[in-house]
Amino acid sequence: MTDPVLSVRNISKSFGALKASDEVSIGLLPGEIHALIGPNGAGKSTLISQIAGGLRPDSGTVEFLGQDVTTLGTAARARMGLARSFQVSSVVPDFTVLQNVVLAVQGATGHWMGFLRPVMKATGLTEAAINFIDQVGLTGRYTIHAADLAHGERRKLEIAMALALSPKAFLLDEPMAGLGVEGTGEMTKLLDQLRHKAPILLVEHDMDAVFKLADRISVLVYGRVIATGSVDEIRANSEVQRAYLGEEAVL
């Protein structure tokens, strides 16, 4: 049996009387997209924060690449290759696409060179950055300032910056949010390509995208995983259907 890249075991987290995570166990296998879905307030963001290292669970463990990382912070996990896209790096609006990604590459390699101008003269850094930019479909947009990018392009830029970490796994938190039909289609194609670089734990409300992309789906309701399975298994699960009663008619 293939060992998981990421393994969450019996994670629990409470905020006073509210149990945001209730003995949650979930795994991410090499090459897969594992979608995490659930109604608003289900505890998805809290769980992702615990996986990324922003929150410490009250109990349970997080293992990444076979190592217990439960006590490690976000930066340490990122250095190991756990890339939380759209939160790994902050896009600098006044910097160009190329400048943003060069700085991400610089940070990932640990080569601090001081000011932006000398950094931009480092051929190795710029070549690596251009490669990442091209991979996400922003070829030719190198000199555009981040503030001038369309919403979907900024999402792509953030993924390019995450790629600078040489990720071993992606945590993607609602990458389709705010995208139109065309943008969602482009992002779906991009994520389908990214799975070949590293597996993806995907939090997403767009069920059309989830059903197109996911190898497995876990459904979180009131902090508890009520079902994990293939797309067909989740569609047919009566408990999942009840949990989404009153939500979008997605199942």
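Trainee: Which side chain meets that of Glu239 in a salt bridge?

Mentor: This is a predicted model, and side-chain atom pairs count only at pLDDT 80 or more. A salt bridge needs a side-chain nitrogen of Lys or Arg within 4 Å of a carboxyl oxygen of Asp or Glu. At 3.6 Å, N to O, the partner of Glu239 is Arg224.

Trainee: How many residues apart are Glu239 and Arg224?

Mentor: Glu239 belongs to helix α10 (residues 238-243), and Arg224 to strand β10 (residues 224-229). The pair links distant parts of the chain, and the separation is 15 residues.

Trainee: Is Glu239 buried or exposed, or in between?

Mentor: Buried means under 20% relative accessible area and exposed means over 50%. Arg224, at 38%, counts as partly exposed. Glu239 has 29% relative accessibility, so the class for Glu239 is partly exposed.

Trainee: How many salt bridges does a search of the whole structure find?

Mentor: Another example is the bridge between Asp22 and Lys19, at 3.8 Å, N to O. Asp22 is partly exposed at 25%, and Lys19 is partly exposed at 40%. For the whole structure, the search gives 10.

Trainee: What stands opposite Ile11 in β2?

Mentor: Strand β1 (residues 6-15) and strand β2 (residues 18-28) run antiparallel and are joined by 7 bridges. They form a hairpin with 2 residues between them, and Gly16 in the turn has a positive phi of about 65 degrees. Opposite Ile11 stands Val24.

Trainee: Within what arc do the buried residues of α7 fall?

Mentor: Helix α7 (residues 181-194) has 14 residues and reaches 20 Å from its first C-alpha to its last, close to the 20 Å expected. Its buried residues include Thr184, Met187, Leu191 and Leu194. An α-helix has 3.6 residues a turn, so residues three or four places apart point the same way. Seen down the axis of α7, the buried residues line one face because they fall within an arc of 165 degrees.

Trainee: Which residues are exposed on the other side of α7?

Mentor: Exposed means over 50% relative accessible area. On the other side of α7, the residues that are exposed are Val181, Glu182 and Lys189.

Trainee: How many residues of helix α1 are buried?

Mentor: Helix α1 covers residues 44-52 and is mostly covered. Among its buried residues are Lys44, Leu47, Ile48 and Gln50. After α1 comes Gly53, with a positive phi near 105 degrees. Of the 9 residues in α1, the number buried is 8.

Trainee: Over the ring of which residue does the charged end of Arg235 sit?

Mentor: Aromatic rings pair if their centres lie within 6.5 Å, and by this rule the count is 0 aromatic pairs. A charge over a ring is a separate case, with CZ of Arg within 6 Å of the ring centre and within 35 degrees of the ring normal. The charged end of Arg235 is 4.0 Å from the centre of the ring of Phe211.

Definitions and conventions. Residues are numbered from 1 along each chain as its sequence is written. This is a predicted model: local features need pLDDT of at least 70, side-chain atom pairs count only at pLDDT 80 or more; totals for chains, interfaces and linings use all residues. Side-chain values use heavy atoms; hydrogens and water are left out. Buried means under 20% relative accessible area, exposed over 50%, partly exposed in between (1.4 Å probe, protein chains only). Helices (H or I, at least four residues) and strands (E, at least two) are DSSP runs, numbered from the N terminus. Rings of Phe, Tyr and Trp (its six-membered ring) pair if their centres lie within 6.5 Å; planes under 30 degrees apart count as stacked, over 60 as edge-to-face and the rest as tilted. Two strands pair if DSSP finds at least two bridges between them. The expected span of a helix is 1.5 Å times one less than its number of residues. The arc is that of the directions from the helix axis to the C-beta atoms.
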